[in-house]
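Here is a short report on how parts of one structure meet. Have the sequence and the 3D view ready.

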Amino acid sequence: MKRSKVMELGVGLFMLAGILGLVFLGLRVSGLSLERPASSFELEANFANIGGLKPRARVTMAGVTVGRVQSIELDTDWYDAHVVMELDGSLEDTLPEDTTAAILTSGLLGEQYIGLSVGGAPETLGDGDRIRDTQSALVLEELIQQFVSNMAKE
Amino acid sequence: MIDHIVRLGRWGCETLERLGDAGIFLAQSMFGVPSAEGVRLWLRQMHFVGVMSLAIVLVSGLFIGMVLALQGYTILVDFGAEDALGQMVALSLLRELAPVVAALLFAGRAGSALTAEIGLMKATEQLTSMEMIGVDPLRRVVAPRLWAGFVALPLLTIGFGVVGVWGGQLVGVQWLGVFEGSYWGNMQASVDFVADVGNGLLKSLVFALVVTWIAVYQGYALVPTSEGISRATTRTVVYASLAVLGLDFVLTAVMFGGLS
Amino acid sequence: MTDSPFVEVEGLHYSRGETSIFRGVDMAIPRGRITAIMGPSGTGKTTLLKLIGGQLTPDAGRVRIAGEDVHALSRKALFRLRRRMGMLFQSGALFSDLDVYENVAFPLRVHTDLPESMIRDLVLLKLQAVGLRGARQLMPAELSGGMARRVALARAIALDPELILYDEPFVGQDPISMGVLVQLIRRLNDALGLTAVVVSHDIKETLSIADYVYVIADGQVMARGAPADLDVDRDPRVRQFVHGEPDGPVPFHYPARDFYADLLGAGGPK
């Protein structure tokens, strides 16, 4: 009887360790956060070129992550990229209407993400609104091309 | 010539028949009403199959994480991208190495033991005598082992992943000097809980099903002699390993391949 | 004698692969008696027990226990019927992960809802009957072959079955434990009035306790009768078996080609 108690305890600890491990994988490794508020709101933006932006990429403001890219699809009216972002609910109705969104790269070869920078307009952006002022991703080939053609002009 | 075709046909029929037999075996043993007694038996098998395999799985996980960090660093540093070490270690562990290596170790450590144990019970007529007492050995002997395997392997896989990520940190951050913030930060930015951790766990659940099923069936269906037991044990490890690696390709293709 | 037989076997045919093992076996096993089934090894005596216990299904023929056709029963009904049977296996077949006490308690725990104190009483009673009450906390691996078989016997009678099947109970036992087992089987039968089937090829011991004997060979019943009548039977195969003659109708040699030709024959199989 005593041996089976120890055994049951061992199995219990084993399962507890497994669950704790899963929590570790969730919080520490995949960066889920417990205090993430249930509330969030969506903003849309159209970019002429998104480069290598992927769904689930970060959306930052002054370097602080405030949301994620939810979906990317081709807008067939304008033939540009239609990006939907999901942002922290506490920012709803606080961002000015003339906020700009730019696609940035972390480091030279790092992931691409969206950086938001605020403007000064009195009206604010609510759920489902569109950011008009956007800046496309820098594509290395285009930069080089520009550089070369500038050189040729001189 | 005709002989060969006949043999091929017979082999095909026999393989199909065995597969069907194994399927019926699985269905009959899995779907029973669990009782208090069943829970106790399951606990004992969890101890045997899970807790006893913990040490080997954790030690392997630690070393694999450390090796990944070491190898990854030497490659990434050429591109000045050693900051991405955390992401590389975590993704390769969670998506691929933890489910597969844990399943292979599990097949070798627990699977072969399950086969041998059930085989020995069969050889010493314990299964038959249980049947004569009026107890279904599928319920009493096989079912607790199957369920223990299903639960234990995903838990072991989690343990493998955690220890591996920590081992990578040990080598990458403490030893090779990758900045700790970028190790964890890049990892958190690139690992998605559902897509990476979830899919890895799903893989290990599939592997758990297949490995335990093969192990228990080989034990139950073996020829009850000492030679039969040793052969079935070998078959368990070989079949289970092949099944894990083959299925891993299929699952990876479905989960990560081609889909952005 | 008693009324209708407890176990009836009618026209039993069974074959494993290409070899046919039984070709029309008929038996009637009377209630409350010890019936012995004897025959040379390899004649399928154990198979016969498995057919009676419903673990194997015959190709043709029927086995009826207490009027119920064993092989027509559903899985559930079969398990219910088996509660009325006990079986003693050749190797004892004790559960190696349980100690002696738990082995005997196993059928009680599975099939009854008795309180623990009652189970304890019953287990000790059965262990006392086989003389192993003092060995209750030993594991099966610590028992000698004879003791293991006695524990298995205690387990087989734990539920007070009506029918008990003994598979080679005397094989590989030293004279003392053989004597103990012979006595136990006889005494259990007299005390509990159960129906017993003993499968064996140990002639002397079996004949000393059996009330009725069947001799099977070549897939058929060769002789039947009370032990006293059996010796005078005229069938040469039965005589060879009972007297233990090495060669006779049941040949000493496994079928082979001519010895002389085999020795000289070059190029044959090794």
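In this predicted model, 1 residue pair is in polar contact between chain B and chain A, with both residues at pLDDT 80 or more. Salt bridges across this interface number 0.

On the side of chain B that touches chain A, five helices of chain B give two or more residues each: α2 (36-76), α3 (85-123), α5 (137-175), α6 (180-190) and α7 (193-221). The table sorts the residues of that side by class.

| Class, chain B side | Residues |
|---|---|
| Nonpolar | 23 residues |
| Polar | 6 residues |

How many residues of each chain take part? Contacts join 32 residues of chain B to 24 residues of chain A. The two chains bury about 2400 Å² between them. Carbon and sulfur atoms give 77% of that area. In chain B, the most area is lost to chain A by B:Leu155, B:Gln188 and B:Phe193. Together they make up 22% of what the chain B side buries.

Now turn to chain C. Helix α5 (residues 145-156) of chain C and helix α6 (residues 175-192) of chain C have axes that come within 10 Å. These axes cross at roughly 10°, so α5(C) and α6(C) are roughly parallel to each other. From α5(C), the contact uses C:Gly146, C:Arg149, C:Arg150 and C:Leu153. From α6(C) come C:Ser177, C:Val180, C:Leu181, C:Leu184 and C:Leu188. By class, this helix contact has 5 nonpolar, 2 polar and 2 charged residues.

Terms used:
Residues are numbered from 1 along each chain as its sequence is written. Chains are lettered from A and ligands numbered from 1 in the order in which they are written. This is a predicted model: local features need pLDDT of at least 70, side-chain atom pairs count only at pLDDT 80 or more; totals for chains, interfaces and linings use all residues. Side-chain values use heavy atoms; hydrogens and water are left out. Contact means heavy atoms within 4.5 Å. Buried area is the accessible area (1.4 Å probe) that two parts lose on being put together, summed over both. A salt bridge is a side-chain nitrogen of Lys or Arg within 4 Å of a carboxyl oxygen of Asp or Glu. A polar contact is a pair of N or O atoms within 3.5 Å; within protein, one must be able to donate a hydrogen and the other to accept it, and residues adjacent in sequence count only if both atoms are side-chain atoms. Helices (H or I, at least four residues) and strands (E, at least two) are DSSP runs, numbered from the N terminus. Ala, Val, Leu, Ile, Met, Phe, Trp, Tyr, Cys and Pro count as nonpolar, Asp, Glu, Lys and Arg as charged, and the others, Gly among them, as polar. Axes are lines fitted to C-alpha atoms, for helices over the stretch in contact, and angles run from 0 to 180 degrees between N-to-C directions. Angles under 35 degrees count as roughly parallel, over 145 as roughly antiparallel, 65 to 115 as roughly perpendicular and the rest as oblique.
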